[in-house]
Amino acid sequence: MSNPSKSLFLLVVCLAVLPCGLLAQAGPGGGGGAGGGSSRSSSPDGQSAVRAFSPVVVAKESARQIFTLAAGRLRPQMQATHSVPVAGVVTAVNVRPGQAVKQGQELFVLQREDAGSSFAPVVIRSRIDGVVSQVNASIYLEMRAGDSGATVVAADKLLLEVQISDRDARYISAGIPVQAELYTGEVLEGVTSGMGPVPDYLTGLYLLQCTFDSGAEFLGQFVTLRLPVAELQGFFVPNSLLVRRYGKYFLWLANEKNQLELREVVPGRRVDQEMQILEGLIEGDRYVRAITGREKEGEVVPGLEMKE
């Protein structure tokens, strides 16, 4: 047998008798075989994360903000309609919709029509800084006194008008921070700027105005407004933990021995996915973090040890 053939034969024999345990240890992952297998992390961080989890929550008083929702479209807080002071024919138009203009910038020019008389052209200039939203004037267009030739809107501040109920109106005042959410999920920050003292007597709703320091790209956008109307203090637990029996509400607690105890509670106002507890819960009580519906009084809370 040649030397290369002999070496290959010895390698095959060695692999055949090598213990399976050694082969498993040789795989990537150190203890999981050729594929590394599954292993439990023994890192201090992993252990502390497991130890930090508790099957019960200690009741503590806290605060929750109550919001009401309203909706509307953003519009400019200020706009200027530029009408012609006299009848005439348009001889020049110097702007287009969407164009940014400065106060005093020329918008369009009008030549008065008066047989036998000569008048200087009438130049219509922008009264404010902003963006041209509409141009009605066009070359050779005959316009009458009072006709609108162009409209400019201020782009630095946007206005939102929404209607709110009398129940919520009593909590609203000027200067309250608000958030308006666009359909894209983008959120605009603003403040309440004013509300009329009387409602619309047909609907009973009050008209609330909010202002936003945003650009012209949001003009006309439909937004949903979150208005803070009240703040609640007390205990709040997830709705899913309340057990309803015979028209009453109960909550699973852990007693001094870590045994399950079903206690009656009096719920208050719902806040998102939580319920305010008015009675039946005190500071330091421990309630079960998650329930299955198969709990029984006297059983040890899963994840805790029985105390004597």
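A residue is called buried if its relative accessible area is under 20%, exposed if over 50%, and partly exposed in between, as found with a 1.4 Å probe and protein chains only. At 48% relative accessibility, Pro121 therefore counts as partly exposed. The model described here is predicted, and local features need pLDDT of at least 70, side-chain atom pairs count only at pLDDT 80 or more, while totals for chains, interfaces and linings use all residues. Residues are numbered from 1 along each chain as its sequence is written, and side-chain values use heavy atoms, with hydrogens and water left out.

**The chain as a whole**

The protein chain holds 4 helices and 21 strands. Both kinds of element are DSSP runs numbered from the N terminus: helices are H or I with at least four residues, and strands are E with at least two. Of the 308 residues in the protein chain, 32% are buried. The chain exposes about 19300 Å², and carbon and sulfur atoms supply 53% of that area. Accessible areas come from the Shrake-Rupley method with a 1.4 Å probe; for residues, only the protein chains shown count as cover. A contact means heavy atoms within 4.5 Å. Among contacts in the protein chain with a separation of 6 or more, 68% join residues 24 or more positions apart.

**Two open sheets**

Strands of a sheet pair through backbone hydrogen bonds, either parallel or antiparallel. Here, two strands count as paired if DSSP finds at least two bridges between them.

Strand β5 (residues 88-93) is joined to β10 by 2 bridges, and to strand β7 (residues 106-112) by 5 bridges. Gly88 of this sheet stands opposite Met143 in β10 and also opposite Arg112 in β7. The bridge partner of Val89 in β10 is Glu142.

Another open sheet of 4 strands has the order β4-β11-β9-β6, again with antiparallel pairing. Its edges are β4 (79-83) and β6 (100-101), each with a single partner strand, so one side of each is left without a neighbour in the sheet. β4 pairs with strand β11 (residues 148-153) over 5 bridges, and Gln79 has Val153 as its bridge partner in β11.

**Two loop residues**

Arg127 is found in the loop between β8 and β9 (130-135) and, at 45% relative accessibility, counts as partly exposed. The table gives a C-alpha distance for each of these residues.

| Residue | Other residue | Separation in sequence | C-alpha distance |
|---|---|---|---|
| Pro121 | Gln111 | 10 residues | 4.8 Å |
| Arg127 | Val152 | 25 residues | 8.4 Å |

Leaving aside neighbours within four places in sequence, Pro121 is in contact with Val109, Leu110 and Gln111. With the neighbours within four places left aside, Arg127 is in contact with Ala80, Thr81, His82 and Gln103.

**Nonpolar cores**

A nonpolar core is a set of buried Ala, Val, Leu, Ile, Met, Phe, Trp, Tyr and Cys residues joined through side-chain atoms within 4.5 Å. The largest one has 26 residues, and those with the most contacts inside it are Leu74, Ile164, Phe212 and Leu225. At least two residues of this core come from each of β2 (62-73), β12 (158-164), β13 (177-182), β15 (206-212) and β16 (222-238). β16 gives the largest share, 7 residues. Not counting residues up to four places away in sequence, Ile164 touches Ala169, Ile172, Met195, Leu205, Tyr206, Leu208 and Leu227. A second, separate core of 17 residues includes Leu110, Val132, Met143 and Val152.

**Rings and charges**

A charge sits over a ring if NZ of Lys or CZ of Arg is within 6 Å of the ring centre and within 35 degrees of the ring normal. Arg112 lies over the face of Phe119, 3.9 Å from the ring centre. The charged end of Arg226 sits over the ring of Phe67, at 4.0 Å from its centre. A search of the whole structure finds 0 aromatic pairs. Rings of Phe, Tyr and Trp (its six-membered ring) pair if their centres lie within 6.5 Å; planes under 30 degrees apart count as stacked, over 60 as edge-to-face and the rest as tilted.
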